[in-house]
Amino acid sequence: MELFDIAFFVFAFITVVSAFIVVFSKSVIYSAFSLLFTFFGVAALYVLLHADFIAVTQVLIYVGGILVLMLFGVMLTNKIVNVELKTGTLHTIPALLLVSVVAGTLGGLFYSTWKGDVAPPPPPFESTTKTLGEMLMTSYLLPFEIASVLLLVALMGAAMFARRRTKT
Amino acid sequence: MIDQYVPIGIMMVVAIVFGIVLANINKWIGPKRPSDEKLSTYESGMEPVKTARERFSIKFYMVAMLFIVFDIEIVFMYPWAVKFKELGLFGFVEMTVFILILVVGFVYVWRKGALKWD
């Protein structure tokens with residue numbers, strides 16, 4: 001599948017490059033806007049993994065919602081432009097531990113998927129939405145309802161947060 | 001499988017090109033005869049009094065947060081709606097519970113006055 005590989009590399013490139021800009025940009029607002037492309041690239045990668053519903057969700061919630069929230073967060077801050085971002089090295093030992101754990105996990109993951117050199121043939125493409133709906137309502141009912149409780153907590157937290165700020 | 005996404009790809013490319021062209025066509029082909037009056041922020045309008053780079057009100061954050069919460073709710077409803085007929089009454093009750101839990105939060109936010117703008 002030639003087109004598939006090209007698409008993968010294009011979107012992986014977009015994702016990685018924009019993620020680098022997010023991290024290394026000197027301006028917070030550039031970082032926030034660059035995050036748009038990161039989220040978008042990840043959505044495209046989901047599509048390439050046959051996870052179409054997750055991809056739509058990614059666009060709808062991360063690009064449409066969370067990014068806007070982050071931009072508001074940036075605009076709520078005191079200084080938008082010319083913020084002096086400190087890039088010193090702090091907490092070397094804990095950071096080293098954490099990074100090695102993450103890197104080890106990723107490396108193990110790479111290794112375990114690399115061993116079988118031939119990927120299984122992709123299943124015929126069909127929308128995952130129906131399967132998801134069925135699973136969510138039967139096998140994964142409890143996580144589904146817990147998700148609503150989580151959303152409730154987020155709602156109440158936001159209400160508390162915004163109210164306290166407006167009073168002072 | 002990827003063939004099905006070709007139209008989306010075409011639309012993405014067209015949208016990007018269209019956006020770039022429309023945003024810049026004025027710069028490319030428009031005549032430029034600037035004067036002081038023309039270069040002011042609002043021609044023949046009020047003078048701007050202070051910088052536009054101001055802090056936003058926290059109220060915008062609240063609105064965005066509410067938007068995300070109900071956005072996620074709608075996303076959860078989508079697979080349920082696709083499977084609605086097969087799931088029957090059981091699925092309906094499940095979704096009702098889900099929505100009711102969120103309505104509790106909505107009523108709380110409303111009563112707290114977080115939806116009021118000022």
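Predicted model: local features only at pLDDT ≥ 70, side-chain atom pairs only at ≥ 80, totals over all residues.
Two residues are taken to be in contact if their C-beta atoms, placed from the backbone, lie within 7 Å.

**Stop 1: the interface, seen from chain B**

Select chain B together with chain A. Here 41 residues of chain B are in contact with 47 residues of chain A. On the chain B side, colour helix 3 (58-82) and helix 4 (84-112), each of which supplies at least two residues of the side that touches chain A. Helix 3 of chain B gives the most to that side, with 20 residues. Colouring by residue class next shows how the side of chain B that touches chain A is made up: 30 nonpolar, 3 polar and 8 charged residues.

**Stop 2: chain A as a whole**

Chain A has 6 helices and 0 strands, and from the N terminus on its elements run α-α-α-α-α-α. Of its 168 residues, 15% count as buried. Among the contacts in chain A between residues at least 6 apart in sequence, 56% join residues at least 24 apart.

**Stop 3: the two domains of chain A**

Colour residues 1-79 of chain A as domain 1 and residues 126-168 as domain 2. The centres of these two domains of chain A, taken over C-alpha atoms, are separated by 22 Å.

**Stop 4: helices 2 and 3 of chain A**

Select residues 28-48 (helix 2) and 52-76 (helix 3) of chain A; their axes come within 8 Å and cross at roughly 175°. Because of that crossing angle, helix 2 of chain A is roughly antiparallel to helix 3 of chain A. Now show side chains along the contact. From helix 2 of chain A, the contributors include Leu35(A), Leu36(A), Phe39(A), Phe40(A) and Tyr46(A). From helix 3 of chain A, they include Val59(A), Tyr62(A), Val63(A), Leu67(A) and Met70(A). Asp52(A) and Gln58(A) of helix 3 also take part in the contact. The residues of this contact between helix 2 and helix 3 of chain A divide into 20 nonpolar, 1 polar and 1 charged.

**Stop 5: helix 5 of chain A**

Finally, select residues 129-137 of chain A, which form helix 5. Which residues of helix 5 of chain A are buried? They are Leu132(A), Gly133(A), Leu136(A) and Met137(A). Turn the view to look down the axis of helix 5 of chain A: the buried residues fall within an arc of 115°, so they line one face of the helix.

Key: Residues numbered from 1 in each chain as written. Chains lettered and ligands numbered in written order. Helix = DSSP H or I, 4+ residues; strand = E, 2+ residues; numbered from the N terminus. Nonpolar A, V, L, I, M, F, W, Y, C, P; charged D, E, K, R; others polar. Axes fitted to C-alpha atoms, helices over the stretch in contact; angles between N-to-C directions. Parallel < 35°, antiparallel > 145°, perpendicular 65-115°, else oblique. Domains from an automatic or database assignment. Buried ≥ 20, exposed ≤ 12 C-beta atoms within 10 Å, placed from the backbone. Arc of directions from axis to C-beta.
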